[in-house]
Amino acid sequence: MGKIAQLNPRGFILSGGPTSVYEPGAPLAPTYIYESHLPVLGICYGMQVLTKQLGGQITPGTRHEYGHAILHLSEVDSPLFASLPSSTPVWMSHGDQVQEMPPDFTTLAYTETSPFAVMGNGKGIFGLQFHPEVVHTPEGKTILRNFVYQICGCQGNWTIGNFIDESISSIREQVGKGKAISALSGGVDSSVVATLIHRAIGDQLTCIFVDHGLLRREEVERTFNVFRLNLGMNIIHVDASERFLKRLQGITDPEMKRKAIGEEFIKVFEEEANKIGKVDFLAQGTLYPDVIESASSGSKASAKIKTHHNVGGLPAKMTLNLLEPLRYLFKDEVRQVGLELGLPEEMVWRQPFPGPGLAIRIIGEVTREKLEILRAADWIVMNEIKKAKLYRQLWQSFAILTDVKSVGVMGDFRTYGYLVSVRAVTSNDAMTADWARLPYDLLAQISNRIVNEVPGVNRVVYDITSKPPSTIEWE
Ligand code: XMP
């Protein structure tokens, strides 16, 4: 309870999950949750957990119920249902089901197949059989809002502006007169972190921008213009492209590329950090999904430095305190913070770009010549996608330089050139992705421009595979 009590909770939400309460080791809720007399909302698996723990019965599912159902309210006055129509569509996805409610519970709503689609005990404990958090439950947000505001009594006064003010004062307090460093990549998270910390401690922050030579056209210049000119930050720009290219010589295996780039990155970063003298803090763009995934050791004391997926692992032996001001935010909130801090829209809405950069979009060995070809092709893809106003709708859109060469004809001449693939996907979180149904005319324009404007390329294909089974990147 210690950790949670410190947060002074107003209530608990027990989330859904894939397990059955009957499985050995199935997660249950700590009993203090029920003993706290605070409101509890169990969703799907969470409902089954509280049913089991409070003395009800669950039937093991023989059949999975998946899809739309219509919820009918039987207790329209429940505060959980404020502003809800008497019937509303909900999304079901469960195997097990409540057979007998725990003592003192009554049914508040039902569907055709679930007599206990919503149950409550009149003392603030509720269970929902369906999923209020998905888009297929149109009134789901209202239900969650009712729980949080009406039942738990929360106020919803968290705003981006308050967040920025509070972060600035806590960063100042934490850092004192110390010095902080940060790896700047030009991506959204590292840019927002650097800007926020700079706002708090000014020149006590130094950003290190390691240019590994695997970036896209104009990427370095654009990042620099924003930060040094517009925001006046201390930035060390390390042009390490020669070093990285050399290190990548002869490497064709994707994971070996990643490893080589990660290791080299750490070396360069450390060398530069050592030049600054004594440094006390390392700023990182850790977001809440990373925190959930790694349940990391927290931001205090000589924290273990988590492998950063964007830079391929930062110096493990540097015993620095971590500054992670975004660790409770999701990506969309980070973008809002960026906008509020005055970062240009172009930077805030950038599509994700992998830490190893173009190296994993060149199949086979990375060479200077291939980097130039890919940069030129990628520039066209980006340009056309932006012109078509599709850039923000797509999770990622880019070019890949394959190691396939094929025969073509240009004018009266036979050509033998590279095959470029175009990849554009929609996704919410990169875990799964669908290939984007780009308009044919746009694909035609991209293809024409690439073969006409990029020397060495005579064929363009469009990748029409989703993830899974493919991944977004080709390597
Ligand atoms: P995949 O290719 O696994 O990519 O479907 C999922 C997301 O992760 C990005 N990605 C990487 N990012 N270092 C990174 O910083 C990497 O080694 C790496 N590999 C893939 C990819 O761009 C996509 O957004």
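**Whole chain.** I noted at the start that this is a predicted model. I looked up the secondary structure and got 14 helices and 18 strands. The C-alpha atoms fill a box of roughly 80 × 60 × 40 Å along the principal axes. Of the 475 residues in the chain, 51% are buried. I also checked the contacts with a separation of 6 or more: 72% of them join residues 24 or more positions apart.

**Helix α5.** I started with its length. Helix α5 runs over residues 160-175, and its 16 residues should span 22 Å at 1.5 Å a residue; I found the end C-alpha atoms 22 Å apart, so the two agree.

Next I asked myself which residues of α5 are buried. The list reads I160, F163, I164, S167, I168, I171 and V175. They cover an arc of only 130 degrees around the axis, so they lie on the same side of α5. I then turned to the other side of α5, where D165, E166 and E173 are exposed.

What do the buried residues of α5 pack against? I found α6 (188-201), β13 (281-283), β14 (321-323) and α11 (331-340). Just after α5 comes G176, and I wrote down its positive phi of about 55 degrees.

**α5 against α11.** The axes of this pair are 10 Å apart, and the packing angle is about 75 degrees. Since angles of 65 to 115 degrees count as roughly perpendicular, α5 is roughly perpendicular to α11. I listed the residues in contact: α5 brings I160, G161, F163 and I164, while α11 brings E333, Q336, V337 and E340.

**α6 against α11.** Here I got an angle of about 45 degrees, with the axes 10 Å apart. α6 and α11 are therefore oblique to each other. The crossing in which α6 passes α11 is left-handed. On the α6 side the contact uses V188, D189 and V192; on the α11 side I noted K331, V334, R335, V337 and G338.

**Helix α6 by itself.** I ran the length check again. The 14 residues of α6 should span 20 Å at 1.5 Å a residue, and the end C-alpha atoms are 20 Å apart, so that agrees. How many residues of α6 are buried? I counted 13 of the 14, so α6 is largely enclosed by the rest of the structure. G202 follows α6, and its phi is positive, near 50 degrees.

**S182.** I found S182 in strand β10, residues 180-183. Buried or exposed? Its relative accessibility is 2%, so S182 counts as buried, the cut-off being under 20%. Leaving out residues up to four places away in sequence, S182 touches A194, L205, T206, C207, I208, F269 and A283. Of these, A283 belongs to β13 (281-283), one of the elements that the buried residues of α5 pack against.

**A29.** My last stop was the loop between β1 (12-14) and α2 (32-35), where A29 is found. A29 has 9% relative accessibility, so I put it down as buried. Beyond its neighbours within four places in sequence, A29 is in contact with L14, Y34, V49 and Q53. I also took one C-alpha to C-alpha distance: A29 and G95 are 20 Å apart in space and 66 residues apart in sequence.

Terms used
Residues are numbered from 1 along each chain as its sequence is written. This is a predicted model: local features need pLDDT of at least 70, side-chain atom pairs count only at pLDDT 80 or more; totals for chains, interfaces and linings use all residues. Side-chain values use heavy atoms; hydrogens and water are left out. Helices (H or I, at least four residues) and strands (E, at least two) are DSSP runs, numbered from the N terminus. The expected span of a helix is 1.5 Å times one less than its number of residues. Buried means under 20% relative accessible area, exposed over 50%, partly exposed in between (1.4 Å probe, protein chains only). The arc is that of the directions from the helix axis to the C-beta atoms. Contact means heavy atoms within 4.5 Å. Axes are lines fitted to C-alpha atoms, for helices over the stretch in contact, and angles run from 0 to 180 degrees between N-to-C directions. Angles under 35 degrees count as roughly parallel, over 145 as roughly antiparallel, 65 to 115 as roughly perpendicular and the rest as oblique. A crossing is left-handed if the near helix is turned anticlockwise from the far one by less than a right angle, and right-handed if clockwise.
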